[in-house]
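Subject: Structure for your review

Dear colleague,

Please find the structure below, together with a summary of what was found in it. I would be grateful if you would read the notes with the coordinates open.

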Amino acid sequence: MIASVEGVVAAIGLDSLVIEAGGIGYRVFAGPAVLAAAHPGTRLRLHTYHLVREDAQALYGFRTPEELGFFEQLQTVAGVGPKVALAIVASRPVADLQLAILQSDEAVLTAIPGVGKKLAARVILELKEKVAAAGMAAAAAAGGRRGAAAGETEVIAALQALGYSAGEAREAAREAAGATAAGASLEDRVKAALRTLLRE
């Protein structure tokens with residue numbers, strides 16, 4: 001399995017780029033933001049998903065581990081293959097997509113080419129609990145303490161379980177604490193934190 005590729009950008013196509021590393025050119029499919037930021041002759045590191053099938057192999061590249069993790073999670077949904085999953089991940093920040101799933105906002109997903117109403121509903125149905133559970137499980141593992149600091153700790157743990165760095169999670173939890181009412185549920189606090197991450 002190829003977990004990441006770092007090297008010199010040799011060529012950029014419509015839906016992929018070639019990264020030369022160790023004398024080998026790796027063709028990596030990527031979203032428009034990755035392709036637009038890449039320039040021939042510059043170094044680039046991408047986190048990759050290595051697809052191996054009986055008739056083909058392909059690499060899909062992402063800027064962050066969060067994007068890669070969400071791409072992998074999307075592929076657990078029936079009817080979502082790597083091309084549709086890449087289109088979804090490339091359409092918006094991961095925090096925006098996770099928030100849309102938590103809020104059952106089909107409009108965010110149906111705005112993505114290749115995602116119809118039925119598929120959007122299936123993505124929400126199959127991932128809503130997984131996205132929420134990842135946050136709740138992490139919060140429970142960090143829990144036990146009471147008070148404002150404990151509330152922030154739960155939100156930080158939930159955001160880290162969703163793939164955000166400790167620094168991003170701490171900052172978002174701090175901002176969310178001021179934006180939510182006292183006694184707000186963990187789910188509401190995590191949603192508020194995700195909203196602050198969207199503004200960054």
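A residue is called buried under 20% relative accessible area, exposed over 50%, and partly exposed in between. Ser 104, with a relative accessible area of 36%, is therefore partly exposed. Please bear in mind that this is a predicted model.

Ser 104 also deserves a note on its backbone. This residue is not a glycine, yet its phi is positive, at about 55°. Its place is the loop between H4 and helix H5 (106-110).

Domains

The chain is divided into three parts by the assignment: domain 1 (4-62), domain 2 (65-144) and domain 3 (148-198). Taken over C-alpha atoms, the centres of domain 1 and domain 3 are separated by 34 Å.

The largest pocket

The volume of the largest pocket is about 260 Å³. Eleven residues line this pocket, and those nearest its centre are Pro 93, Val 94, Ala 95, Tyr 164 and Glu 168. Two or more lining residues come from each of helix H2 (65-74), helix H4 (94-102) and helix H9 (186-199). By type, the lining consists of six nonpolar residues, one polar residue and four charged residues. In terms of domains, domain 2 (65-144) and domain 3 (148-198) each contribute at least three residues to the lining.

Lys 191

Lys 191 belongs to helix H9. Is this lysine buried or exposed? Its relative accessibility is 13%, so Lys 191 counts as buried. Setting aside residues up to four places away in sequence, Lys 191 touches Leu 99, Leu 102 and Gln 103.

Aromatic residues and Phe 62

Four aromatic pairs are found when the whole structure is searched. One of interest is formed by Phe 62 and Phe 71: the ring centres are 4.8 Å apart and the planes lie at 45°, so the pair is tilted. Phe 62 and Phe 71 are both buried, and they belong to one aromatic cluster together with Phe 29, Tyr 49 and Tyr 60.

Phe 62 itself is located in strand S5 (residues 57-62). With a relative accessibility of 2%, Phe 62 falls under the 20% limit and therefore counts as buried. Which residues does Phe 62 contact, leaving aside its neighbours within four places in sequence? They are Leu 46, His 47, Tyr 49, Glu 67, Leu 68, Phe 71, Leu 86 and Val 89. Phe 62 also lies 9.0 Å from Ser 4, C-alpha to C-alpha, although 58 residues separate them in sequence.

Lys 83

Lys 83 is part of helix H3 (residues 82-91). Its relative accessible area is 65%, which is over the 50% limit, so Lys 83 is exposed. The C-alpha atoms of Lys 83 and Phe 71 are 9.9 Å apart, and the two residues are twelve places apart in sequence. Within that pair, Lys 83 is exposed, whereas Phe 71 is buried.

With kind regards

Note on methods
Residues numbered from 1 in each chain as written. Predicted model: local features only at pLDDT ≥ 70, side-chain atom pairs only at ≥ 80, totals over all residues. Heavy atoms only, no water. 1 Å grid on protein atoms, 1.4 Å probe; cavity = no way out; pocket = protein on both sides within 12 Å on 5 of 7 lines; lining within 4 Å. Points joined across faces, edges and corners; volume = space filled by probe spheres on them. Helix = DSSP H or I, 4+ residues; strand = E, 2+ residues; numbered from the N terminus. Nonpolar A, V, L, I, M, F, W, Y, C, P; charged D, E, K, R; others polar. Domains from an automatic or database assignment. Buried < 20%, exposed > 50% of the residue type's maximum accessible area, 1.4 Å probe, protein only. Phe/Tyr/Trp six-rings, centres within 6.5 Å; stacked < 30°, edge-to-face > 60°. Contact = heavy atoms within 4.5 Å.
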